[in-house]
Amino acid sequence: MTLAQWAADVAWKSLPLLGLILLAGLAERWRPAEAQRWRSRAINLVCMTVYVLGFAVLQQGTAALTVLAINGAGGGWLALPADGWHLLPSFLVYTLVLDLGEYAFHRAQHAIPALWAMHSLHHSDTAMNATTTDRHFWLEPGIKMVTLYLAMGLLFKPDPVIVGMYAVLGLYNVVPHMNVRWGLGRASFLINTPQFHRLHHSMLPQHYDCNFAGLFPVFDVLFGTYRQPGEDEYPPTGIAGRDVPAGMLEVLAWPLRRWLRRPGRGNHYS
Ligand SMILES: [Zn+2]
Ligand SMILES: [Zn+2]
């Protein structure tokens, strides 16, 4: 595969996500949680491009390693077939266990300083919207591949149809990041919503370390990190000190930004 073919393949696979983000952008004009300037989306689009390309590159190496380890262990432990009546239970088991794994990984990202140094890029957005969805540090998918996805590969041998169905469901991740006034009130434990996830991104100390769920907030309920949003609770988002990337270099080297920033640059970072 030539470099051009590889880039075209990556772009092609990103199309559903881009389309959804575009649609979400239109929907965000309906009932925005806060007024935002279009400019605030630019850095997210840069982050997303770096992340998608980084993910594609890392996947070449880490996925091969992961597959090697899984095959070395004799393949996944539990088969999840997709034929006939097996489809629904297989999909439910795969989705629930992977979402639990995502919850655990997310807790680790907030608890382990080296992981927070990367994950804080996602949280640094002071104008959260659909484009924040893939505002992640480029190395994170590689770490996930050799931890969470490796564990899933050792645990399950899913039919490719199940994996494909989960990939489609995973696009829902755009929704909780949308800049819209939408929550489920007392039923917030059912599914992640923009209001529920906004509390996770909140800049206010009273919201720290809550609502980690990817799809199903029931894991927050089970592990004591659930916080039901108040009726009109849409707090400001971002991290302490409004720490944000100052440019492309800081997007690429986000965990190292303390060293990248020169004293006396005349901004609030130094
Ligand atoms: Zn987080
Ligand atoms: Zn988020």
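This is a predicted model: local features need pLDDT of at least 70, side-chain atom pairs count only at pLDDT 80 or more; totals for chains, interfaces and linings use all residues.

His106 sits in helix α3, residues 87–111, and His119 in helix α4, residues 113–123; the two are 13 residues apart, and the pair links distant parts of the chain. Are these histidines buried or exposed? His106 has a relative accessible area of 10%, and because the limit for a buried residue is under 20%, His106 is classed as buried. His119, at a relative accessible area of 2%, is likewise buried.

I turn to the helices themselves. The axes of α3 and α4 come within 6 Å and cross at roughly 100 degrees. Angles of 65 to 115 degrees count as roughly perpendicular, and α3 and α4 are therefore roughly perpendicular to each other. On the α3 side, the contact is formed by His106, Ala108, Gln109, His110 and Ala111. On the α4 side, Pro113, Leu115, Trp116, His119 and His123 take part. Sorted by class, this contact of α3 with α4 comprises five nonpolar and five polar residues, with no charged residues.

Next, the database annotations. An unreviewed UniProt entry lists residues 91–225 as "domain: Fatty acid hydroxylase". In the model, that span is 51% helix and 2% strand, with its end C-alpha atoms 26 Å apart. Under "transmembrane region", the unreviewed UniProt entry lists residues 12–30 and 42–65. Residues 12–30 are 84% helix and 0% strand in the model, and the end C-alpha atoms of this stretch are 29 Å apart.

Finally, one residue towards the start of the chain. Leu23 belongs to helix α1, residues 3–27. Is Leu23 buried or exposed? Its relative accessibility is 55%, so Leu23 counts as exposed, the threshold being over 50%. Between the C-alpha atoms of Leu23 and Phe91, which are 68 residues apart along the chain, the separation is 27 Å.

Thank you for your attention.

Methods:
Residues are numbered from 1 along each chain as its sequence is written. Chains are lettered from A and ligands numbered from 1 in the order in which they are written. Side-chain values use heavy atoms; hydrogens and water are left out. Helices (H or I, at least four residues) and strands (E, at least two) are DSSP runs, numbered from the N terminus. Buried means under 20% relative accessible area, exposed over 50%, partly exposed in between (1.4 Å probe, protein chains only). Axes are lines fitted to C-alpha atoms, for helices over the stretch in contact, and angles run from 0 to 180 degrees between N-to-C directions. Angles under 35 degrees count as roughly parallel, over 145 as roughly antiparallel, 65 to 115 as roughly perpendicular and the rest as oblique. Contact means heavy atoms within 4.5 Å. Ala, Val, Leu, Ile, Met, Phe, Trp, Tyr, Cys and Pro count as nonpolar, Asp, Glu, Lys and Arg as charged, and the others, Gly among them, as polar. UniProt positions are given in the numbering used here, feature names are shortened, and annotations may be inferred rather than shown by experiment.
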